[in-house]
Every structure is written in structure tokens, then in C-alpha cells.
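Here's a friendly walk through a protein model.

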Amino acid sequence: MSNYARAENEYNAGEFLKFVEAENKKPGNEHTRYELIDGQIYMLSAPNTNHMGLSRFIYDIFSKYMADKQCGVYYAPYDVFLIKLPSRSKSKKVNKNKCRDVVQPDLFVLCDKDKLKLDGIHGAPELVIEIVSRSSVKLDYLSKLNAYMNLGVKEYWIVDPLKKRIIIYQAIKDGKADDLLLFNYTFDDTVESKIFPALSVDFRRFEWVQNEE
């Protein structure tokens, strides 16, 4: 994902989707992916081999764990419309004119299947995982952390193959990015989820691809 200085123009989800549709019609741009974070549009860069390998490695473990549960694990590209939904509302559908965050997390866990819509997920997943690349450091560590924690994600994993570390943020109260528990791990650790009992990933088992550049 490319890091840009904050632009003057800001977009809601409806405007963002029109922008993406127009951009994807341009020759050579058909498969370019974008995200909307706090009203700003960011272009996604292609993941490298270790990024893809980590995503598949974690997905396989999560998928096996979720096999007999009501929750499901999903992976990019999959639009997640982040906005606080009224707690008493029976409708779990986002008003796209009011939504300012449309993301495609590397991996996420969703338990409330009412949020599952034809065009993506409307509302926050329970758990989100982002795998850091050189171009996504600021967004993954700052912008997305604020978006996820302020808009209802309960647990956020930052998996950083550049620094060989994993950070987990756990929300104490929904929608409070300034009220979090923080857990630090390395790739020599077994990392346990804080909200799903007995769900763990032994990162020592991941096989790195070396000297790829």
C-alpha cells in the first residue's frame, strides 16, 4: 500500500466506490486495488512472497480452528465497510454516504453473519490481521489501528515480517482506541488470540523465502 500525504479531497464510501469503478476501467488498471481510510484513498501494492506465505500460513490455522464454530475467517480482497451501526437497529447495512472507511484486511474473523452482504462486510469484524509491507507501515501501525479500534474491532494483529514481530491490540471498550491492551511477540513465539480461547499461531513454523530481492 502506498503512503501519500493527506489530500484536500475527502470521500465517503459511495464516492470511493465510484472512483474505484472509474479507475479500474482504465487500460492496465483493471486489477488495481484501493482502500478508503478516514476519507482518504490509498492504492494497494502487490504483496511479496513472504507476505502471501504468512497470509496463507495464518489462514490455514484460523480456518481449522473456526471449522466447528459460528465464526468464519476471510481474506483479501474483500471490502469491509467500517462504521458504527446502531446497536438497536435490526438492519446491519451501512449508509455509504456516511461511511469514511472501506478496507481490505489481509485476514479477518467475522462472527455476526448479519454483517455479511453481497458487496462486502457491513460493520466491524471481531478480529483483524494486517501483514506489514514497506509501503504500509504508517497505515498499519497508525491509521488502521485508529480506524479498527474506534469502529468496533475487538482484536487487531499487526504481523510485521520486516521487524520480525507481532503486536496484538485488544479493545477494552468497543469504539475506544485510547483504551487498549497491548501484547508484543516475536517470530520465535506462539501467539495466542485474546478473544478466541485456544486459538494460537506458532510463528516458528513459518518457512521464510530468503534472498528474493
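The secondary structure of this protein comes to 3 helices and 14 strands. Here, helices (H or I, at least four residues) and strands (E, at least two) are DSSP runs, numbered from the N terminus. The radius of gyration is 17 Å, close to the 17 Å that the globule rule gives for 213 residues, so the protein is as compact as a globular protein of that length. That radius is taken over C-alpha atoms, and the globule rule is 2.2 Å times the number of residues to the power 0.38.

Before going further, a word on what you're looking at: this is a predicted model, where local features need pLDDT of at least 70 and side-chain atom pairs count only at pLDDT 80 or more, while totals for chains, interfaces and linings use all residues. Residues are numbered from 1 along each chain as its sequence is written, and side-chain values use heavy atoms, with hydrogens and water left out.

Along the principal axes, the C-alpha atoms fill a box of roughly 45 × 45 × 30 Å. Of the 213 residues, 48% count as buried; buried means under 20% relative accessible area, exposed over 50%, and partly exposed in between (1.4 Å probe, protein chains only). The accessible surface comes to about 11,600 Å², and 48% of that belongs to carbon and sulfur atoms. These areas come from the Shrake-Rupley method with a 1.4 Å probe, and for residues only the protein chains shown count as cover. Among contacts (heavy atoms within 4.5 Å) between residues at least 6 apart in sequence, 62% join residues at least 24 apart.

Now find helix α3, residues 137-150. At 1.5 Å a residue, its 14 residues should span 20 Å, and the end C-alpha atoms are 19 Å apart, which agrees. The expected span is 1.5 Å times one less than the number of residues. Look for a kink of about 40 degrees in α3, centred on K144; the bend at a residue is the angle between axes fitted to the seven residues ending there and the seven starting there. K144 is also one of the buried residues of α3, which include L139, Y141 and L145. Just after the helix, G152 takes a positive phi of about 110 degrees.

Next, head for the segment before α1 (13-24), the place of N12. N12 counts as buried because its relative accessibility is 14%. What is N12 in contact with, leaving aside its neighbours within four places in sequence? The answer is L36, K96, N97 and C99. A polar atom of the N12 side chain lies 3.4 Å from the backbone oxygen of N97.

S45 sits in the loop between β2 (40-43) and α2 (49-66). S45 and R134 are 89 residues apart in sequence, yet 9.9 Å apart in space, C-alpha to C-alpha. The side chain of S45 also makes a polar contact with the side chain of S135 (3.2 Å). A polar contact is a pair of N or O atoms within 3.5 Å; within protein, one must be able to donate a hydrogen and the other to accept it, and residues adjacent in sequence count only if both atoms are side-chain atoms.

Finish with some loops. Between β3 (72-75) and β4 (80-82) you'll find P77, joined to A76 by a cis peptide bond with omega about 0 degrees. A198, in the loop between β13 (190-192) and β14 (200-202), has a positive phi near 70 degrees without being a glycine.
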